[in-house]
Amino acid sequence: IDIVLTDLKLPGMNGIELLEVIKRRNPRIEVVIMTGYSSVHSAVQDMKLGAADYIVKPFSALELEAKLRRLIEASSERRRLDGQVRDASSAAMTAMVSMSEMGALLEVIKQLGAAGSMAELADALVAGLRLYGLQGCVQLRAGAGVLNRSSDGDASPLELSVLEHLAGMGRM
């Protein structure tokens, strides 16, 4: 529902009460109040309560059509703008996540570049995994030997077994 057209006089509830119920449940629904009273004060009060427009009876079909057409166009424009806001928010979130990931990657690269030993290099790699919310195991092989590190500190026997198996398969 985009628009509700209501009279001020209704059985069991008046138009202002209906306006308040509608606005409480869905503030996006536009409410046009019809009345036989032409009081400017009354119109201003209804608008303060959230009425989108006010039409005094008797009215012409052209006047009603013009008011409703304006409200329908405004509602369509609001939906279009809401879609653009959602798209912009989604793009901003994607950019923030991307920047966060880029920052994490740059931090890992910085730590790797600053490593002065195999132990520091292994620790930097494990820390890099943590920046991405990952746990893992690292094995470095160099002329000085083999160094194993895990997210939990020293690599477990199971992790070592998997690393040795992968090395035996030529995968490392």
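Modeller: Let us begin with the salt bridge, which is a side-chain nitrogen of Lys or Arg within 4 Å of a carboxyl oxygen of Asp or Glu. This is a predicted model, in which local features need pLDDT of at least 70 and side-chain atom pairs count only at pLDDT 80 or more, while totals for chains, interfaces and linings use all residues. Residues are numbered from 1 along each chain as its sequence is written, and side-chain values use heavy atoms, with hydrogens and water left out.

Colleague: Why is the pair Glu107 and Lys110 called a salt bridge?

Modeller: The N to O separation between the side chains of Glu107 and Lys110 is 4.0 Å, and the definition asks for a nitrogen of Lys or Arg within 4 Å of a carboxyl oxygen of Asp or Glu, so the pair is counted. In general, side chains of opposite charge can pair when their charged atoms come close. The structure holds 11 salt bridges, and a network of them links Asp53, Lys67 and Arg70.

Colleague: What makes Arg80 and Glu77 about one helical turn apart?

Modeller: Both belong to helix α3, residues 61-114, and they are 3 residues apart, which means a separation of about one helical turn. A helix here is a DSSP run of H or I with at least four residues, a strand is a run of E with at least two, and both are numbered from the N terminus. The side chains of Arg80 and Glu77 meet in a salt bridge at 2.5 Å, N to O. Arg80, at 41%, is partly exposed, and Glu77, at 34%, is partly exposed as well.

Colleague: Why is Arg149 called buried?

Modeller: Its relative accessibility is 18%, so Arg149 counts as buried, while Asp123, at 39%, counts as partly exposed. Asp123 and Arg149 form a salt bridge, with their closest N and O atoms 2.7 Å apart. This pair links distant parts of the chain, since Asp123 is in helix α4 (residues 118-131) and Arg149 in strand β5 (residues 145-150), 26 residues apart.

Colleague: What makes β1 and β3 edge strands?

Modeller: The open sheet has 3 strands in the order β1-β2-β3, with parallel pairing. The strands β1 (3-7) and β3 (53-56) each pair on one side only, and that makes them the edges.

Colleague: What makes Gly15 a buried residue, and which residues does Gly15 touch?

Modeller: Gly15 lies in helix α1, and its relative accessible area is 0%, so Gly15 is buried. With contact taken as heavy atoms within 4.5 Å, Gly15 touches Thr6, Asp7, Leu8, Leu10 and Ile33, not counting residues up to four places away in sequence. The C-alpha atoms of Gly15 and Met34 are separated by 8.5 Å, and these two residues are 19 residues apart along the chain.

Methods:
Buried < 20%, exposed > 50% of the residue type's maximum accessible area, 1.4 Å probe, protein only. Pairing = 2+ DSSP bridges.
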